[in-house]
Amino acid sequence: RHRFWETQPVGQFKDAGDTSLSEGPIEPPAPLSAVKSEPYNLPALYEWTTCDMDDEQTCAEVYNLLTNNYVEDDENMFRFNYSKEFLQWALRPPGYFKAWHIGVRVKATKKLVAFITGVPARIRVRDEVVRMAEVNFLCVHKRLRSKRLAPVMIKEVTRRVHLENIWQAAYTAGVVLPTPFTTCRYWHRSLNPKKLIDVGFSRLGARMTMSRTIRLYKLPGSTATLGLRKMELRDVPAVTRLLREYLSQYVVAPDLDENDVEHWLLPLENVVESFVVESPETHEVTDFFSFYSLPSSILNNQNYSVLKAAYSYYNVAKKTPLLQLMNDALIVAKQKDYDVFNALDAMHNETFLKELKFGPGDGQLHYYLYNYRVRNALRPSELGLVLL
Ligand code: NHW
Ligand code: EN5
């Protein structure tokens with residue numbers, strides 16, 4: 001059934017429920033001398049390219065490929081539209097490898113027609129912190145689909161990750177592959193219900209009018225939490241401490257140090273937003289929320305071309321009630337003109353989704369590890385990892 005995935009060190013469907021299999025690496029690391037030193041072969045018309053994301057021209061080519069060919073919903077109404085600034089942020093974290101930003105070009109014209117990336121991360125699975133690659137942005141131009149290019153790209157990124165002596169990877173997908181270690185659902189909170197209905201993102205509920213719907217989703221004009229402010233560089237140590245302690249309760253979560261937190265959480269206009277609560281009395285940072293900005297192109301609509309979506313990222317509520325903190329996140333996102341606020345049912349998110357009027361989406365997100373077996377599928381509430 002899965003001609004490619006059956007050959008890879010991933011949990012196989014046939015092994016589901018086999019209690020003799022232990023948790024951890026599926027294959028041992030090989031000596032580096034055993035890693036192929038030459039790239040895998042591509043069909044003759046194509047060639048490999050390493051994409052320098054510092055270069056504006058290359059970045060624009062990647063942006064255009066993804067804008068026209070990346071992930072769509074099941075009815076092809078929306079397509080992810082990661083911005084150039086977002087791609088540069090996502091692909092250049094501390095310790096990144098340029099060689100892991102891999103493109104495929106048409107030899108004759110140099111047109112970029114496929115892409116895949118990895119970035120390094122430390123991911124904890126129960127008590128083990130494992131060096132991994134986070135693999136993302138796998139994309140093959142619509143005209144080159146179903147030619148088995150994706151397996152070659154996956155093998156090539158694997159080879160380049162192995163060259164750095166890293167033997168595991170984490171990735172997510174909307175499709176089912178062998179074998180998810182957990183599956184999350186997307187939930188959506190309307191901020192601009194009229195537009196969402198006009199573009200077909202949501203529907204007018206039964207026995208609901210437009211004006212009742214607008215009233216239902218109306219939010220206060222200002223935030224409720226005293227001491228709420230944008231995160232600054234000086235907050236990095238406190239946010240790192242809060243986040244490390246918070247993530248320690250999950251079975252799978254990133255192991256983040258101050259450098260990582262500075263990169264992944266310090267606000268970057270139209271890319272990532274983070275707000276902290278600084279106690280007015282003690283000046284301690286007690287809580288924070290964050291979301292990233294991932295617009296979608298609206299395909300085939302007369303009136304609108306972009307849907308502005310905020311995605312819940314990492315949130316820690318130590319003193320402020322989580323419900324109040326996340327309501328403030330919705331208010332901030334509304335003030336910044338987002339149309340919808342999305343969140344997975346991961347971490348403790350279930351405790352605020354329904355109460356804050358999120359509704360379940362039609363999309364799921366399956367989480368995978370490469371060359372690492374997790375013994376029993378996790379509940380989403382045991383997952384502390386958000387991939388972009
Ligand atoms: S998920 C988003 C993936 N991208 C899109 O959906 C964009 C739109 N679609 C496309 O561009 C986030 C194409 O349809 C793609 C497939 C390129 C998806 N993951 O070339 P063929 C990520 O980026 C398998 C993994 O003919 P195609 C995460 C499929 O099951 N495998 O198909 C990426 C089949 O194998 P099988 C996927 O439609 C994680 C084979 O590809 C997949 O022209 C990557 C068919 O290939 C997916 N999303 O191109 C894995 N979609 O065994 C990283 C399809 O079933 C692993 N396939 O026959 C770790 C590597 C690092 C390890 C380090 C130690
Ligand atoms: C790797 N980093 O399907 C990511 N999105 O629900 C790759 N649905 O937006 C994997 N179909 O439910 C990505 N509106 C996998 C996701 C791919 C994109 C996707 C879903 C997630 C989505 C929307 C629009 C559906 C349009 C028709 C949806 C309902 C919202 C409604 C708001 C009011 C309360 C009830 C729910």
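Just after H8, aspartate 337 takes a positive phi of about 75 degrees; helices (H or I, at least four residues) and strands (E, at least two) are DSSP runs, numbered from the N terminus. This is a predicted model, in which local features need pLDDT of at least 70 and side-chain atom pairs count only at pLDDT 80 or more, while totals for chains, interfaces and linings use all residues. Residues are numbered from 1 along each chain as its sequence is written, and chains are lettered from A and ligands numbered from 1 in the order in which they are written.

Helix H8 itself covers residues 322-335, and its 14 residues reach 20 Å from the first C-alpha to the last, close to the 20 Å expected at 1.5 Å a residue, where the expected span is 1.5 Å times one less than the number of residues. Because 10 of the 14 residues of H8 are buried, the helix is largely enclosed by the rest of the structure; a residue is buried if 20 or more other C-beta atoms, placed from the backbone, lie within 10 Å of its own, exposed if 12 or fewer, and partly exposed in between. Among the buried residues of H8 are Leu322, Met326, Asp328, Ala333 and Lys334.

## The nonpolar core

Alanine 333 is, with Val239 and Phe288, one of the residues with the most contacts inside the largest nonpolar core, which has 101 residues. Such a core is a set of buried Ala, Val, Leu, Ile, Met, Phe, Trp, Tyr and Cys residues joined through C-beta atoms within 7 Å. Strand S4 (residues 112-125) gives the most to this core, with nine residues, and the core draws at least three residues from each of domain 1 (5-176) and domain 2 (183-382).

Leaving aside neighbours within four places in sequence, alanine 333 is in contact (C-beta atoms, placed from the backbone, within 7 Å) with Leu191, Phe291, Ala310, Tyr338 and Phe341.

## The two domains

The chain is divided into domain 1 (5-176) and domain 2 (183-382), with bounds that come from an automatic or database domain assignment. Their C-alpha centres lie 26 Å apart, and 42 residues of domain 1 are in contact with 37 residues of domain 2. On the side of domain 1 that touches domain 2, S6 gives the most, with six residues. By class, this side has 24 nonpolar, nine polar and nine charged residues; Ala, Val, Leu, Ile, Met, Phe, Trp, Tyr, Cys and Pro count as nonpolar, Asp, Glu, Lys and Arg as charged, and the others, Gly among them, as polar.

## The ligand shells

Around ligand 2 there are 21 residues, of which the closest are Gly174, Tyr186, Gly359, Gly361 and Gly363; a residue is near a molecule if its C-beta atom, placed from the backbone, lies within 6 Å of it. Strands S6 (168-173), S7 (182-190) and S17 (359-370) are the elements that give two or more residues to this shell, and the largest share, five residues, comes from S17. Since domain 1 and domain 2 both give residues to the shell, ligand 2 lies between them.

Ligand 1 has 35 residues around it, with His2, Phe4, Leu138, Ala150 and Ala169 coming nearest, and the elements that give two or more residues to its shell are strand S5 (128-140), helix H3 (149-162) and S6. The shell around ligand 1 divides into 23 nonpolar, eight polar and four charged residues, and that around ligand 2 into eight nonpolar, nine polar and four charged.

Definitions and conventions. Contact = placed C-beta atoms within 7 Å.
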